[in-house]
Amino acid sequence: MSLNHWKSVLCSILFLAAPGFAADKDQLAYCSYVMEQAQAQRDLLRTPIADAGMTQPETGLPLQLVGGASLGLSGLRKASLTMDVARKNCELYKATSWAQQDIQYALPSLEREALRNRLALLEQASTSLDAIMEKTAKMVDAKDATRLMLFTLQTTKIKLDADHADTQAKIAALYAPPLRDKPLKELVAQKQSSEASEQKALDKLTRQNNWDVALSVGVHQQFNPVAYGAQPYGAVSINYNLASRAINKHLDRAADAYDEWKQVQEGDVIRNMEVLRQQLLDSATAQETKLKSLQAESGQIEKNLQIPRRRSTSTTS
């Protein structure tokens, strides 16, 4: 195999490896973005709103300048819930990223491990064959074995060496980043749990729009003529959405529909895990067929190797 070929293989491995090493940075960058957005929304919701303007209480009365601030209890509650949604979103992104990566590289990782095992077996077989070839060569010199037998062993040796080189090339061409210690089933379950937690947090945030208790304070000043000084005022307003019950029912149904959608969504972690499971079953079936073929070949080789031994024994007798 040429040096240029190995250089191209190495470059491809480095190119493929970059996303794996950048996984943690990707998650940190996304979570930083989400948390900064949430903090901006939190500060907006929990900060009183300043009001200023002119008003005419009743027809015939002079205009008044009004200035003050208002703050709703619903906004304070939303500020806390917004941060909770952001944290759940970050947890979901991490769980989804790890599960997707393990699913994506599960087959390459298994294939690479299988190739390494194959490489070890080939090296073991090659060592054993070298010893047999050396012994057979001596038997040929002693006229106890034919050159055809030695040629058969040499041909097998060539095939083993070619298979060894091909296996090394396949291992070099495969890339799989370090996978999680947890089983894939647990990672997907963790992703589903994070998804449910995020939906609950979003549901709570949306339900908060159904009611509000707002406090407004400030001063008003008659514009013209300025007969009196600035007078303070305060007001409490309570808002409740009469459709709250129907809204909450729709939100509950939406959460169930979201869960059902994720079960069948093409490209989602759950769906991809089912695809991977089927791929593994098909691969196991194919490997089982190949194993039977190799076992048959191994049995035939063993029979061929017994011929020189029987000849040697008969000659000694």
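**Entry 1: aromatics**

Before anything else, my working rule: rings of Phe, Tyr and Trp pair if their centres lie within 6.5 Å. With that rule, Tyr30, Tyr33 and Tyr93 form one aromatic cluster. I keep in mind that this is a predicted model.

How many aromatic pairs does a search of the whole structure find? I got two. The rings of Tyr30 and Tyr33 have their centres 6.4 Å apart and their planes at 55°, so I logged that pair as tilted. I checked where these two residues sit: both are in helix 2, residues 23-46. They are three residues apart there, about one turn of the helix.

Next I looked at Tyr30 with Tyr93, and this aromatic pair is stacked. I noted 4.0 Å centre to centre and 20° between the planes. Planes under 30 degrees apart count as stacked, so the label follows from the cut-off. Tyr30 belongs to helix 2 and Tyr93 to helix 3 (residues 73-141), so this pair ties together parts that are 63 residues apart in sequence.

Ser126 counts as buried because its relative accessibility is 12%, and the cut-off for buried is under 20%.

Which side chain does the side chain of Ser126 meet in a polar contact? I found Lys157, at 2.4 Å. Leaving aside neighbours within four places in sequence, I listed the contacts of Ser126 as Lys157, Leu160 and Asp161.

Then the helices themselves. Two packed helices are described by the angle between their axes and the distance between the axes. For helix 3 and helix 4 (residues 147-173) I have an angle of about 160° and axes 9 Å apart. Angles over 145 degrees count as roughly antiparallel, and helix 3 and helix 4 are therefore roughly antiparallel to each other. I also wrote down the handedness: helix 3 passes helix 4 in a left-handed crossing.

**Entry 2: Leu184**

Leu184 is in helix 5, residues 184-207. I asked which residues Leu184 touches, not counting residues up to four places away in sequence. My list reads Ala99, Asp102, Ile103, Met273 and Leu276. I also took one C-alpha to C-alpha distance: Leu184 and Ala106 are 9.0 Å apart in space and 78 residues apart in sequence.

**Entry 3: Ala255**

I found Ala255 in helix 6, which covers residues 244-264. Ala255 is partly exposed, and the relative accessible area I noted is 32%.

**Entry 4: whole chain**

I finished by stepping back. What does the secondary structure of the protein chain come to? I count seven helices and four strands. Along the sequence, the pattern reads α-α-β-β-α-α-α-β-β-α-α.

Of the 317 residues in the protein chain, 27% are buried. I also looked at contacts in the protein chain between residues at least 6 apart in sequence, and 76% of these join residues at least 24 apart.

Technical notes:
Residues are numbered from 1 along each chain as its sequence is written. This is a predicted model: local features need pLDDT of at least 70, side-chain atom pairs count only at pLDDT 80 or more; totals for chains, interfaces and linings use all residues. Side-chain values use heavy atoms; hydrogens and water are left out. Buried means under 20% relative accessible area, exposed over 50%, partly exposed in between (1.4 Å probe, protein chains only). Rings of Phe, Tyr and Trp (its six-membered ring) pair if their centres lie within 6.5 Å; planes under 30 degrees apart count as stacked, over 60 as edge-to-face and the rest as tilted. Contact means heavy atoms within 4.5 Å. A polar contact is a pair of N or O atoms within 3.5 Å; within protein, one must be able to donate a hydrogen and the other to accept it, and residues adjacent in sequence count only if both atoms are side-chain atoms. Axes are lines fitted to C-alpha atoms, for helices over the stretch in contact, and angles run from 0 to 180 degrees between N-to-C directions. Angles under 35 degrees count as roughly parallel, over 145 as roughly antiparallel, 65 to 115 as roughly perpendicular and the rest as oblique. A crossing is left-handed if the near helix is turned anticlockwise from the far one by less than a right angle, and right-handed if clockwise.
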